[in-house]
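Please read them alongside the sequence and the coordinates.

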Amino acid sequence: MSSYNSRAFWALTLLGLLTPFLGWAQNLSGRVVDAANATPLIGASVVWLGTSQATSTDGTGFFSLKPAPAGQTAVVVSYIGYKSDTVQVQGHENPVVKLKALTALQEVTVTGKQDRYSALTPTNSQVITAKDLTKSACCNLAESFETNASVEVSTSDAVSGAKQIQMLGLDGAYTLMTTDNVPALRGLATPYRLNYLSGTYIEAIDIIKGTGSVLNGYESISGQVNVRLKDPEKSDRLYVNLYGNSLAKWDANVNTSFTLTPKLSTVLMLHTDQISNRVDRNNDGFLDLPLGKHYNVFNKWKYNTGKQWVAEIGFQALRETRTGGQVGYRSGMPQREGSFYGTESETDRVSGFSKTSYTFKNKPYQSIGLILSGTRHVFDSHYGVRNYDGHQNSGLANLIFQSAFGNTAHTYKTGLSYQYEDYKENLAGQKLSRKERVPGAFFEYIYQNSANLTLVGGIRADHHNLYGWVYTPRFNVKYDLNPNSILRLAAGKGFRVANPIAENVASLISNRAFYFQNDLQPEKAWNLGGSFTQYFEVGERKGAFITDYYYTTFQNQIVPDMYSSPYQVAFTNLNGRSFSKSFQAELQYELTSMLDIKAAYKYFDVRTTYNDQLLRRPFIPNHRAFLNLGFATPFDKWRADLTAQWFGKREVPSMEHDMNQHESSIMTRTVHPYAVFNGQITRAFKRWEVYLGGENLLDYKQKDPIIAADQPFSQNFDASMVWAPVIGRVIYAGMRFTIK
């Protein structure tokens with residue numbers, strides 16, 4: 001055989017031997033999901049069998065693994081809390097690996113009956129589930145947090161019925177609120193925004209402590225509350241919830257969903273609540289709860305090809321009227337000395353959003369998405385002799401591209417955004433307006449090894465037409481000490497332009513003069529902190545212990561000073577220090593197969609500089625405690641829940657005034673601790689549920705919450721000094737009807 005023919009023979013022979021393996025000369029791509037519900041498993045380990053050549057799944061469960069070593073045709077896929085699996089992948093393109101959860105380990109859920117602390121996300125995240133939402137009256141967003149320890153809801157004044165949330169000891173204005181991860185319910189909607197989403201619209205609520213991700217903007221300072229609305233593809237065909245309470249307030253809710261084609265589905269959600277009964281239980285001459293009517297409709301559509309394209313659009317429209325004040329007040333009455341004092345507000349709100357995403361063919365880890373949203377919010381109101389009207393038009397565009405560097409252990413998200421805000425306010429003839437145009441860009445890098453470490457670093461650069469360049473860095477790290485012990489650290493900066501009047505509407509229900517410092521500047525703050533989560537078993541019963549600490553320090557803050565004078569509230573830029581220290585420890589444990597317990601203790605140290613003196617922020621107690629007991633029989637035929645919250649001493653501004661006192665001195669007083677108990681019992685049938693419950697079961701009320709209630713047009717009148725419940729015991733009942 002010639003030398004040439006000999007070389008050709010051996011080359012062909014070698015080619016024939018290698019032919020079975022040539023298909024593995026390219027990366028192996030695939031996806032790892034939960035076998036039960038097909039949700040992606042983030043950070044799952046994928047290893048060629050018998051080797052150390054490995055990768056991990058990205059934020060959508062996809063992986064890309066370098067070509068197999070010679071002779072290898074199988075991979076080992078593993079994930080904390082799931083049964084590992086060895087999968088033959090030869091001849092399979094883009095395999096989908098379905099892992100089954102181990103019943104002996106808790107991956108996200110302590111139990112199905114408890115709030116869930118995520119073991120996966122790099123941020124300190126908690127989920128309020130759909131089942132948790134049925135543990136209380138829950139006819140709007142304000143009542144959705146009653147069985148949760150991390151977010152608190154308080155009444156802002158004794159007349160308007162407005163409520164606000166608090167997180168990390170800071171007002172709700174510092175918490176970014178989103179619906180389906182789209183910023184919403186901002187700006188002038190702040191006073192009554194917790195009423196604008198019915199509890200029946202909500203599938204779950206994500207609570208994230210700390211500044212979070214740069215993708216959602218620069219405004220988050222204390223955390224984020226993301227409301228996940230009902231998914232058209234998964235919603236019940238019909239859901240009805242009717243509610244009524246002892247104040248003669250009633251709610252009606254109807255959800256209905258349709259699958260129009262295999263790719264197109266929609267859900268229509270309707271809500272109304274009404275109260276026309278005049279209630280004055282403390283006999284101060286003022287209604288304990290304003291009269292009102294609320295009509296709300298939300299329609300959501302989803303188009304899902306099942307492959308590369310997914311699109312969602314949603315529309316909401318609502319109208320709300322409120323009438324409060326003295327029992328004898330009637331709408332339209334003149335406001336002057338000798339007549340009845342009254343408050344009225346009328347709100348019209350329309351909003352919409354769209355979300356469109358495309359996943360690149362043969363690159364499941366790479367996608368691009370566009371989010372658009374717009375809102376028009378209009379209200380007219382008066383509080384006694386003081387009128388307050390406002391208009392807000394908002395628009396947001398967010399373009400996000402996601403891909404990987406080399407392999408899915410190193411992924412990134414980057415994009416562009418544009419935010420537009422047009423505010424017009426009129427306070428007793430004083431007109432305030434501004435237009436914000438903010439183009440921006442962001443980049444976020446995520447590193448996930450196949451074992452126990454996740455790093456997320458991001459930065460935003462936004463150009464504000466009024467305040468110039470804004471830079472927002474944020475960083476999160478998650479480290480699994482072992483499968484049941486998780487440590488998280490977080491640091492980041494937040495920036496926001498305050499709306500002082502809307503965020504302090506309670507002060508309008510007084511005869512305090514409003515004073516605004518010239519050239520109010522945006523608020524800027526750094527938030528640093530971390531958490532530790534320990535899952536455990538005692539006597540074959542599962543539990544979790546979660547503790548966290550966060551420190552927020554302001555570079556600038558709009559300070560509403562109610563300390564210095566009982567006759568005015570002054571809004572000024574921060575001149576000195578302002579900070580919040582927040583500590584929380586929570587225990588969740590399954591005492592028996594039918595009884596769960598959640599207990600939490602919180603400590604807050606919140607201080608701000610007033611008149612060159614660093615003082616405790618008014619109305620915020622240092623110590624709080626929380627307890628929730630949840631009972632359920634097999635198949636949830638009977639359910640019962642009891643929630644207790646204890647609030648320690650707190651300082652509030654003193655309304656006493658000494659004419660001989662130096663004007664720069666500070667007047668305060670300390671109020672006593674108190675506790676509030678809520679409870680509910682539910683009986684479930686095949687499609688029906690009936691429930692009976694009570695709020696503030698011990699009937700605790702703040703004594704004389706309205707100062708000078710008998711002289712509402714005098715200088716001393718003030719209904720904003722509220723630190724405890726104004727309404728006493730409320731008994732309610734309702735029913736739910738469901739067709740799956």
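1. I368 is partly exposed, because its relative accessible area is 31%, where buried means under 20%, exposed over 50% and partly exposed in between, with a 1.4 Å probe and protein chains only. The place of this residue, I368, is in strand β23, strands being DSSP runs (E, at least two residues) numbered from the N terminus.

2. As to provenance, this is a predicted model, in which local features need pLDDT of at least 70 and side-chain atom pairs count only at pLDDT 80 or more, while totals for chains, interfaces and linings use all residues. Residues are numbered from 1 along each chain as its sequence is written, and side-chain values use heavy atoms, with hydrogens and water left out.

3. Together with L370, L372, L399 and L416, I368 makes a nonpolar surface patch of about 380 Å²; such patches consist of residues with over 30% relative accessible area and no salt bridge, nonpolar side chains (Val, Leu, Ile, Met, Phe, Trp, Tyr) being joined within 5 Å. Strand β23 (residues 367-383) contributes the largest share of this patch, three residues.

4. The whole structure holds 28 aromatic pairs, counted when ring centres of Phe, Tyr and Trp (its six-membered ring) lie within 6.5 Å, with planes under 30 degrees apart called stacked, over 60 edge-to-face and the rest tilted. Y674 and W723 form a tilted pair, because their centres are 6.2 Å apart and their planes stand at 50°. This pair links distant parts of the chain, 49 residues apart, with Y674 in strand β42 and W723 in the loop between β43 and β44.

5. Among the 32 salt bridges found, each a side-chain nitrogen of Lys or Arg within 4 Å of a carboxyl oxygen of Asp or Glu, D180 and K300 have their closest N and O atoms 2.7 Å apart. D180 lies in the loop between β13 and β14 and K300 in strand β20, 120 residues apart, and both D180 and K300 are buried.

6. The side chains of E503 and R496 also meet in a salt bridge (2.5 Å, N to O), and both E503 and R496 are buried.

Note on methods:
Helices (H or I, at least four residues) and strands (E, at least two) are DSSP runs, numbered from the N terminus. Patches are made of residues with over 30% relative accessible area and no salt bridge: like charges are joined within 9 Å, nonpolar side chains (Val, Leu, Ile, Met, Phe, Trp, Tyr) within 5 Å. Accessible areas come from the Shrake-Rupley method with a 1.4 Å probe; for residues, only the protein chains shown count as cover.
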